[in-house]
Amino acid sequence: IEVREAGVDLRQRSVRVGAYAMRGLQAKLGRDKEGGIEFLNPPRLKAAAQESPPAPAGEPWRFVVERVELADHALRFEDRTHSPAAVQTLALDSLTVANLSSDPDAEAELAARLRINQRGVIEAEGRLLPMKPSGNLRLSLNQVELLPLQPYFGELLNLTVTRGLLTAKGELSFAPGAEAPKFAYKGSLTLGDFNSVDKVNAATFLRWRSLHFGDIDVASAPPSVAVGQIALSDFFARVIVSPEGRLNLLQLTKGSEQAAEASPSASAAAGTPPVAAEGAAPAAAATPAKPAAEPLPVRIGRVTLQGGRVNFTDNFVKPNYSANLTQLAGRVSGLSSQAGTVADLELRGSYNDLAPLTITARIKPFAAKTYLDLDAEVKGVEMAGFSPYSGKYAGYAIEKGKLSLFLKYRIDDN
């Protein structure tokens with residue numbers, strides 16, 4: 001630790017430091033099973049501490065540190081609220097702050113570089129008002145691994161992430177708000193080299209080379225989400241129907257299976273109106289419903305898909321049925337939550353590498369009322385593969401044959 005050009009003015013109640021430098025700090029921080037921070041818990045004293053007399057009234061102390069330099073710091077954080085404990089390592093390569101002051105209007109300049117879990121690198125640079133706090137920072141995240149962070153979301157999902165790298169670059173601004181801090185982010189984000197396993201079926205569920213979000217503009221006050229482009233490339237998805245007839249897509253979150261099983265009985269119970277007993281007083285008038293909240297403004301300029309493959313397996317029928325959609329590619333443009341907007345969808349691929357598949361549609365995925373105008377065409381599907389279904393539901397197997405289908409499908413709930 002080094003302090004240079006320091007001075008204290010008792011009359012003016014001020015402290016001024018020319019430079020403060022610190023190197024080589026090694027620290028270990030823990031979170032116990034109850035959620036308390038072990039490093040910060042004060043010791044428990046047997047005797048009650050005497051109350052200190054109130055400080056004399058006067059001007060608060062003021063401080064200015066012209067330059068702060070931190071380097072070669074390391075922190076190991078163990079979170080024991082999870083089992084096994086979630087361990088994160090942070091290495092602060094460098095942190096420089098110029099003009100750090102207790103003056104609320106004093107602007108400081110910050111530059112920092114740190115490594116998270118050895119591989120990931122986070123860099124920040126910009127100006128901020130530490131006492132408010134508010135500021136504008138240029139952020140860069142490179143190769144931040146998802147695997148060490150899995151304990152924080154894995155307990156909620158029937159999904160295990162085996163790998164994934166997060167990269168982002170943009171500008172972050174933040175400031176105090178009336179009820180909560182306000183923030184905004186503009187930039188890009190990429191989740192690459194991602195792979196996940198379905199815990200229920202013990203099979204690969206989702207995998208892709210790159211999922212990129214470009215021209216992001218997100219704000220909290222007023223809330224809004226805008227993304228210029230989303231690109232998914234070289235992706236694979238596995239859709240499985242279990243021997244019990246359950247679809248893995250509906251079992252992603254823990255508890256979703258029980259909710260799906262409970263919903264029919266709940267719906268049946270809700271559909272039976274209560275019968276009032278004879279002589280009972282009339283029920284009170286229903287409380288008027290609150291006006292619906294304004295939908296979150298969402299705008300996505302363009303979504304592109306390239307190099308996709310989807311594997312479908314139905315273990316509910318005997319013998320089991322499987323099929324592959326390959327060479328999937330397409331785009332969706334004009335997605336928006338603004339009333340009256342319609343998005344265009346184009347998708348093409350191949351069924352079992354033999355039958356070409358084409359889908360075009362106009363959709364309103366954010367609208368309160370359903371709207372779909374779809375054209376689908378598939379040519380030369382081998383029918384013999386559908387024998388498990390024809391045998392189960394019609395009592396006959398299919399020896400051979402080909403199917404070509406052109407479908408126009410329209411839903412307009414207006």
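This is a predicted model: local features need pLDDT of at least 70, side-chain atom pairs count only at pLDDT 80 or more; totals for chains, interfaces and linings use all residues.

**Rings, bridges and surface**

Me: Tyr321 to start: buried or exposed?
Reply: Tyr321 counts as buried, at 7% relative accessibility. The cut-offs are under 20% relative accessible area for buried and over 50% for exposed, with partly exposed in between (1.4 Å probe, protein chains only).

Me: Good. How many aromatic pairs are there?
Reply: Rings of Phe, Tyr and Trp (its six-membered ring) pair if their centres lie within 6.5 Å; planes under 30 degrees apart are stacked, over 60 edge-to-face, and the rest tilted. By that rule there are five aromatic pairs. One of them is Tyr321 with Tyr389, an edge-to-face pair with 5.2 Å centre to centre and 65 degrees between the planes.

Me: Which residues form the aromatic cluster?
Reply: Phe312, Tyr321, Tyr351, Phe386 and Tyr389 form one cluster.

Me: What lies over the face of Tyr371?
Reply: Lys364 does, at 4.9 Å from the ring centre. Lys392 lies over the face of Tyr393, at 5.7 Å from the ring centre. To count, NZ of Lys or CZ of Arg has to be within 6 Å of the ring centre and within 35 degrees of the ring normal.

Me: Switching to charges. How many salt bridges does the structure hold?
Reply: There are 25, taking a salt bridge as a side-chain nitrogen of Lys or Arg within 4 Å of a carboxyl oxygen of Asp or Glu. Side chains of opposite charge can pair when their charged atoms come close.

Me: Which residue meets Glu109 in a salt bridge?
Reply: Arg127, at 3.1 Å, N to O. Glu109 lies in strand β6 (residues 108-116) and Arg127 in strand β7 (residues 120-129), so the pair ties together parts 18 residues apart in sequence. Glu109 is partly exposed at 38%, and Arg127 is partly exposed at 42%.

Me: And Arg138, what does its side chain meet?
Reply: Glu125, in a salt bridge of 3.4 Å, N to O. This one links distant parts of the chain too, with Arg138 in strand β8 (residues 134-145) and Glu125 in strand β7, 13 residues apart. Both ends are partly exposed: Arg138 at 45% and Glu125 at 43%.

Me: How far is Ile37 from Glu78?
Reply: They are 9.9 Å apart in space, C-alpha to C-alpha, and 41 residues apart in sequence. Ile37 sits in the loop between β3 (26-31) and β4 (62-79) and counts as partly exposed, at 25%.

Me: What does Ile37 touch?
Reply: Leaving out residues up to four places away in sequence, Ile37 touches Leu29, Gly30 and Arg31. Contact here means heavy atoms within 4.5 Å.

Me: Now the surface. Which residues make the nonpolar patch?
Reply: Leu403, Leu405, Leu407 and Tyr409 make a nonpolar surface patch of about 340 Å². Patch residues have over 30% relative accessible area and no salt bridge; like charges are joined within 9 Å, nonpolar side chains (Val, Leu, Ile, Met, Phe, Trp, Tyr) within 5 Å. Areas come from the Shrake-Rupley method with a 1.4 Å probe, and for residues only the protein chains shown count as cover. Tyr409 is in strand β18 (residues 402-412) and is partly exposed at 43%.

Me: Last one: how many helices and strands does the chain have?
Reply: Three helices and 18 strands. Buried residues make up 30% of the 414 in the chain.

Note on methods
Residues are numbered from 1 along each chain as its sequence is written. Side-chain values use heavy atoms; hydrogens and water are left out. Helices (H or I, at least four residues) and strands (E, at least two) are DSSP runs, numbered from the N terminus.
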